[in-house]
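Biologist: I have a new structure to look at. Can you walk me through it, term by term?

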Amino acid sequence: MRVPAASDGSVWARLPHELGDAVRPRIPEIARACVDAVATEVPEYSGIFGPGPGRVAAIEQTRRGIERDIDRVGTPAMWQADRLAEFRGHGRAAFHNGLSRESVQAAVRVSSRVTWRWIADVAREAGLSGDVLYGAAEGMFADVETSMTAVAEGYSAAEAAVSGTGERHRRLLRTLLGGRTPAEVDGLLAASGLPVPSRVAAVAFRALPGAPEFPPGLLPEHVPADPSGDPPAALTPAPDTDLAGLSALPAGWTAAVGPLVPLASAPESFRVARRAADLAARGLLDAPGPVIWCRDHVTTLLLLADEFLVTQLAETTLEPLSGLSGRRREQLAETLLALVQTRGSAPELGRLLDLHPQTIRARLKKLSELFGARLDDPGERLRLELALLAERALPNHD
């Protein structure tokens, strides 16, 4: 789930030793320039990096970081686990010092930009080629990407560590359903102690006014859930197993289970689950118990994804039936749906609808009068089938 890291230093390893030799004497100046720029451009750091011990410590820390990076120039590929661990530490420290996640990430960006400008100027002064400048830029941009990810991981882990398991799970749930960045998810997953799932299903809960509180023990402890939250939700990689207890939901409660999807698509699973819960509350989805499985209602969910458009489709496509009486219209609509779905003969449709073939022939004759050549056009037959199915699913249809 992490952003691929240039963790082996291969970009820097391809650069000539001359770049490192030229930059190394200037590292103390570069470190001071980085700290000054961060203090100027990131308001939350202006006081921390002002005159005094905080500024001295920041310059020294920055100097060591730049020196470590420059040591990679022209050196065989090195594993950068220590480097990433250091930036995770920056993220944790920022959280505990009361800084925002955005401020520490902004500090990384500003410091990287200033460092690159100095490296570029030093490389030009040393007469190094444009290829060297390009390679250094590639290395710097890769470092910014991995550094930002590591900072976010450290910040998220520190944020989660101050809460209990239940709160950590709720934070993880909100993060996943909110479509946040992989880095934030990584940190919260690490803090939660849960395995990284490849696929998950979201659950949308709905409680009628006056319904009792959500009973304890219906969901396993390892399932991130917040049935009383806003919105009430849960997330699980094993819905058939983990959600078995929801069959005991008390009266007034329903739970809609979204499709099983890749982790990054958890917000979409939740969107579908919430839509199913809404439709069920309006009586448009039938379920044998308090749990609604979206996988059992895919056609209806698809048809009613946009009720305005599907109403327009039904009204315009089935207009030839509009002048008929209620019972007569219902009979012809039933026969029309069987016809467009099966293209069967009168005897076949008669067996399907449990009617005499002669009755079917009379209806087919009327349908031919009403719809004409449309019954022989594949595209029109599809429109008719969708319109008839939508009409059945729509509220207040006749």
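Modeller: Start with a definition. Helices (H or I, at least four residues) and strands (E, at least two) are DSSP runs, numbered from the N terminus. This is a predicted model, where local features need pLDDT of at least 70, side-chain atom pairs count only at pLDDT 80 or more, and totals for chains, interfaces and linings use all residues. Residues are numbered from 1 along each chain as its sequence is written, and side-chain values use heavy atoms, with hydrogens and water left out.

Biologist: How many helices and strands does the protein have?

Modeller: Helices and strands are both DSSP runs. For this protein, the secondary structure comes to 18 helices and 6 strands.

Biologist: What share of the residues of the protein counts as buried?

Modeller: Buried means under 20% relative accessible area, exposed means over 50%, and partly exposed lies in between (1.4 Å probe, protein chains only). The protein has 398 residues, and the share that counts as buried is 45%.

Biologist: How much of the accessible surface belongs to carbon and sulfur atoms?

Modeller: Accessible areas come from the Shrake-Rupley method with a 1.4 Å probe; for residues, only the protein chains shown count as cover. The total for the protein is about 19900 Å², and the part belonging to carbon and sulfur atoms is 54%.

Biologist: Among contacts between residues at least 6 apart in sequence, what share joins residues at least 24 apart?

Modeller: Contact means heavy atoms within 4.5 Å. Take the contacts in the protein between residues at least 6 apart in sequence: the share joining residues at least 24 apart is 74%.

Biologist: How much space lies in the largest pocket?

Modeller: The search uses a 1 Å grid over the protein atoms alone: a cavity is a set of points where a 1.4 Å probe fits but cannot get out, while a pocket is an open set with protein on both sides within 12 Å along at least five of seven lines. Grid points are joined across faces, edges and corners, and a volume is the space filled by probe spheres set on the points. For the largest pocket, that space is about 760 Å³.

Biologist: Which residues lie closest to the centre of the largest pocket?

Modeller: Lining residues have an atom within 4 Å of a point. The largest pocket has 37 of them, and the closest to its centre are Gln-61, Thr-62, Phe-87, His-90 and Ser-111.

Biologist: Which element gives the largest share of that lining?

Modeller: The elements that give two or more residues are α3 (27-41), α5 (53-70), α6 (81-96), α7 (101-125) and α8 (130-161). The largest share is 10 residues, and it comes from α5.

Biologist: How do the lining residues divide into nonpolar, polar and charged?

Modeller: Ala, Val, Leu, Ile, Met, Phe, Trp, Tyr, Cys and Pro count as nonpolar, Asp, Glu, Lys and Arg as charged, and the others, Gly among them, as polar. By that rule, the lining of the largest pocket has 21 nonpolar, 11 polar and 5 charged.

Biologist: Why are the buried residues of α14 on the same side of the helix?

Modeller: Helix α14 covers residues 307-317, and its buried residues are Glu-307, Val-310, Leu-313, Ala-314 and Thr-317. The arc is that of the directions from the helix axis to the C-beta atoms. These residues share a side of α14 because their arc around the axis is only 120°.

Biologist: Which exposed residues sit on the face turned away from the buried side of α14?

Modeller: The buried residues of α14 pack against α12 (266-281), α13 (298-303), α17 (357-371) and α18 (378-393). The face turned away carries Phe-308 and Leu-309.

Biologist: How far apart are the C-alpha atoms of Glu-391 and Ala-314?

Modeller: Glu-391 is in helix α18. Glu-391 counts as buried, because its relative accessibility is 14%. Glu-391 and Ala-314 are 77 residues apart along the chain, yet their C-alpha atoms are separated by 6.3 Å.

Biologist: Is Asp-354 buried or exposed?

Modeller: Asp-354 lies in the loop between α16 and α17. Asp-354 has a positive phi of about 60° although it is not a glycine. With a relative accessibility of 69%, Asp-354 counts as exposed.

Biologist: Which residues is Gly-252 in contact with, leaving aside neighbours within four places in sequence?

Modeller: Gly-252 lies in the loop between α11 (239-242) and β4 (253-257). Gly-252 and Pro-209 are 43 residues apart in sequence and 7.8 Å apart in space, C-alpha to C-alpha. The contacts of Gly-252 beyond those neighbours are Arg-206, Ala-207, Leu-208 and Ala-211.
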